[in-house]
Amino acid sequence: MANDHAEPKGGMSRRSVLGLAGIAAGALALAPRQSAAASGHSRSIADRILLNGKFTTLDAARPQVEAVAVRDGRIVGTGSSREVTRSWLGTGTEVVDLEGRRVIPGLIDSHAHPIRAGLSHTLELDWSHVRSVNEALSSLRQHASAAQEGQWVRVVGGFSKYQFREQRLPTLAEINAAVPDVPVFVLHLYDRALLNRAAVNRLGLTADTPTPNGGWIERDAAGNPTGLLVAQPDAAILYGTIAQMPVLDATGQELSTRRYFSRLNAYGITGAIDAGGGGMVWPDSYRIVDGLHERNELTLRLAFHGFPRPGHDYEDLARYVNELPLDSTDPMLKSNGVGEVLVFSALDFEDFFQPRPELPAVMESQLEPALRLLVENNVPFRIHATYDESIKRVLKVLETVRRDVPGYNRRWIVDHAETATRSTLDRIAALGGSISVQHRMVYQGVAFAERYGTEAALHSPPIGDMIAAGVPWAAGTDSTRASGDSPWTALWWLVTGKVYGGARLLGREHRVSRIEALRAWTGGGAWMTSEEDSKGRIAPGYHADLAVLNADYFSVNEDMIPEIRSDLTMVAGRIVHGAGRFTHLAPPPVTDEAVAATLTAAAAGGSVNNGNPFQDASSWTCAC
Ligand SMILES: [Zn+2]
Ligand SMILES: [Zn+2]
């Protein structure tokens with residue numbers, strides 16, 4: 001460009017010159033990094049400068065800085081407040097004084113289900129931060145009194161009885177007394193569901209309702225269902241029930257998704273790797289996020305995995321291999337391959353309230369062609385595997401396929417791996433695999449320790465061994481059903497090893513420092529989408545994704561970590577969330593009135609009353 005070195009006449013002309021060149025910003029990422037002061041031979045103007053902060057950059061060249069300059073969605077300069085101001089302040093630059101707050105790179109959840117969660121978020125009641133049975137019951141009461149005709153009150157997982165002071169779930173009698181007339185559905189992780197009398201009636205459950213394969217219905221002396229449904233041996237009965245409830249129309253789903261992503265932004269989350277989940281089919285289930293992306297309204301960067309349907313797994317994988325935009329480098333919305341289920345027979349149900357399931361004998365014969373398809377086509381994938389026994393069998397198949405088909409060079413992920421042994425981790429390392437670790441133990445750790453002993457719980461998951469084996473790892477939540485969605489609860493667990501209802505469960509050698517935990521929550525996820533050169537750090541050339549925290553993550557008491565929130569979250573240089581004195585910098589949130597209007601439409605759809613809502617449930621074996 002001819003005027004590359006010309007003194008800009010004003011912010012706009014300079015900006016438009018650089019705006020043409022996405023390349024210019026990309027090139028910066030590869031060039032040797034320079035401080036703002038050193039690079040300023042021609043005066044440059046930033047869109048926005050954040051100054052007087054305590055930035056933890058995770059950039060080895062400059063790990064701590066006071067200020068950053070942002071232009072065209074990228075970080076262009078870092079340094080002291082004086083340096084950055086001198087180099088980058090100009091006409092039109094917006095300056096935000098952070099008043100000494102801690103700033104971190106935007107958090108990336110390496111395993112979650114936010115696209116699915118967004119589609120129904122406004123229909124659900126969240127218990128992830130509820131601390132007692134009484135509080136839970138009063139939230140049911142309050143929600144029911146505001147419910148419109150036809151509406152359910154539903155808590156769809158994301159909490160554990162161990163987080164309640166009483167260390168128990170509300171009883172059916174308590175739920176029926178709290179809400180006698182509006183149908184209530186409470187899903188506890190993926191282990192059981194509690195339905196009040198109105199919900200049992202709405203579903204048409206009677207003494208004649210047959211017990212489905214994938215579940216157990218508690219019945220009274222006369223054979224009538226009491227309202228307790230248990231996932232035994234799998235979560236089919238719970239999925240079957242959820243499928244009977246009304247859904248939002250497209251307008252409602254879009255509003256719900258925007259509100260859900262704002263909730264994640266308020267934690268400081270700027271990106272997620274979406275692991276699909278039961279019921280998610282590409283492209284139909286992704287139209288809402290596609291639409292938001294087209295209109296530049298996405299506030300969360302998403303890399304999603306194509307998820308097959310039960311009974312159609314190979315067929316769907318084959319379609320995804322051909323049709324998913326696997327080579328897209330769009331930094332806001334792209335596909336990261338397939339999974340977390342490849343074939344349903346390889347899925348081990350991670351319910352620690354139940355005995356470990358043995359994968360069926362047919363598994364290998366189904367997984368092998370699936371893996372062959374992916375390896376031959378060099379398609380990235382992730383695979384759900386909780387127990388060492390399952391992972392070993394999966395690895396044996398993968399080792400065979402990789403021996404037969406050389407040349408695979410994609411990053412691939414084992415999800416969960418709570419009980420992986422050192423020899424298993426060595427095999428994952430040898431195959432170039434990585435592991436996504438979530439804090440499911442916070443919710444289920446007490447149940448795990450009761451079943452397998454506290455000694456086993458010390459090593460579950462074996463994070464220290466993963467590091468020693470050289471396996472790349474990243475952190476996440478597995479929200480919204482198998483656990484809550486707060487990264488701060490997950491960071492607290494990584495650092496302290498503490499779980500709900502117990503003391504420190506995870507052993508010292510498997511906990512990590514605050515900075516290592518932060519790395520797993522930023523650069524870890526960036527690595528899993530092959531974007532470690534543009535995400536996960538606050539450094540020149542990187543995307544301007546960051547969170548200004550309301551408390552200093554590095555110095556607060558460890559038990560205050562779960563309380564941390566973002567005061568200001570930036571994605572691609574846009575402020576997507578603001579709290580306190582930064583509220584006015586963010587766009588206005590989705591209002592309750594707008595949400596209420598979409599719930600009216602939802603109440604009209606949905607529920608059946610045919611006496612056997614579980615007839616199709618056997619296809620839902622997945623607890624993801
Ligand atoms: Zn999973
Ligand atoms: Zn999952």
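How are α12 and α13 oriented to each other? Select helix α12 (residues 313–323) and helix α13 (residues 363–376) to find out: their axes come within 10 Å and cross at roughly 0°, so the two helices are roughly parallel to each other. Axes here are lines fitted to C-alpha atoms, for helices over the stretch in contact, with angles running from 0 to 180 degrees between N-to-C directions. Angles under 35 degrees count as roughly parallel, over 145 as roughly antiparallel, 65 to 115 as roughly perpendicular and the rest as oblique.

The model is predicted: local features need pLDDT of at least 70, side-chain atom pairs count only at pLDDT 80 or more, and totals for chains, interfaces and linings use all residues. Residues are numbered from 1 along each chain as its sequence is written, chains are lettered from A and ligands numbered from 1 in the order in which they are written, and side-chain values use heavy atoms, with hydrogens and water left out.

**The helix contact**

Stay with the two helices and show side chains. Y314, L317, A318 and V321 in α12 meet P369, A370, L373 and L374 in α13, a contact being heavy atoms within 4.5 Å. The residues of this contact divide into eight nonpolar, no polar and no charged. In this scheme Ala, Val, Leu, Ile, Met, Phe, Trp, Tyr, Cys and Pro count as nonpolar, Asp, Glu, Lys and Arg as charged, and the others, Gly among them, as polar.

**The whole chain**

Zoom out. The chain has 22 helices and 23 strands; helices (H or I, at least four residues) and strands (E, at least two) are DSSP runs, numbered from the N terminus. Of its 624 residues, 61% count as buried. Buried means under 20% relative accessible area, exposed over 50%, and partly exposed in between (1.4 Å probe, protein chains only). Among contacts between residues at least 6 apart in sequence, 75% join residues at least 24 apart.

**The zinc site**

Select ligand 1 next. This zinc ion is coordinated by E340 (OE), H384 (ND1) and H416 (NE2), at 1.8 to 2.1 Å. Donors are N, O and S atoms within 2.8 Å of the metal (3.2 Å for Na, K and Ca); water is not among the atoms, so sites may look incomplete. Along the chain, the donors follow the spacing E-x43-H-x31-H. The two histidines link distant parts of the chain: H384 sits in strand β17 (residues 382–385) and H416 in strand β18 (residues 412–416), 32 residues apart. H384 is buried at a relative accessible area of 2%, and H416 is buried at 1%.

E340 bridges the two zinc ions, ligand 1 and ligand 2, which lie 3.5 Å apart. Look at the backbone here too: E340 is in the loop between β16 and α13, and a cis peptide bond with omega of about 0° joins G339 to E340.

**Aromatic pairs**

The structure holds 18 aromatic pairs. Rings of Phe, Tyr and Trp (its six-membered ring) pair if their centres lie within 6.5 Å; planes under 30 degrees apart count as stacked, over 60 as edge-to-face and the rest as tilted. Select Y162 and F353: the ring centres are 6.2 Å apart and the planes at 5°, so the pair is stacked. Y162 lies in the loop between β9 (153–156) and α7 (172–178), and F353 in the loop between β16 (333–338) and α13, so the pair ties together parts that are 191 residues apart in sequence. Y162 is buried at 8% relative accessibility, as is F353 at 17%.

Move to F448 and Y452, a tilted pair with 4.8 Å from centre to centre and 45° between the planes. The two are four residues apart in helix α16 (residues 440–452), which means that about one helical turn separates them. F448 is buried at 1% relative accessibility, whereas Y452 is partly exposed at 32%.

**Backbone stops**

Most residues other than glycine have a negative phi, and most peptide bonds are trans. Select Q232 and P233, which are joined by a cis peptide bond with omega of about 15°; P233 lies in the loop between β13 (225–230) and α9 (236–242).

Then go to N52, where phi is positive, near 60°. N52 is in the loop between β1 (48–51) and β2 (54–56) and is partly exposed at 31% relative accessible area. End at Q167, with phi near 60°, in the loop between β9 and α7; Q167 is partly exposed at 33%.
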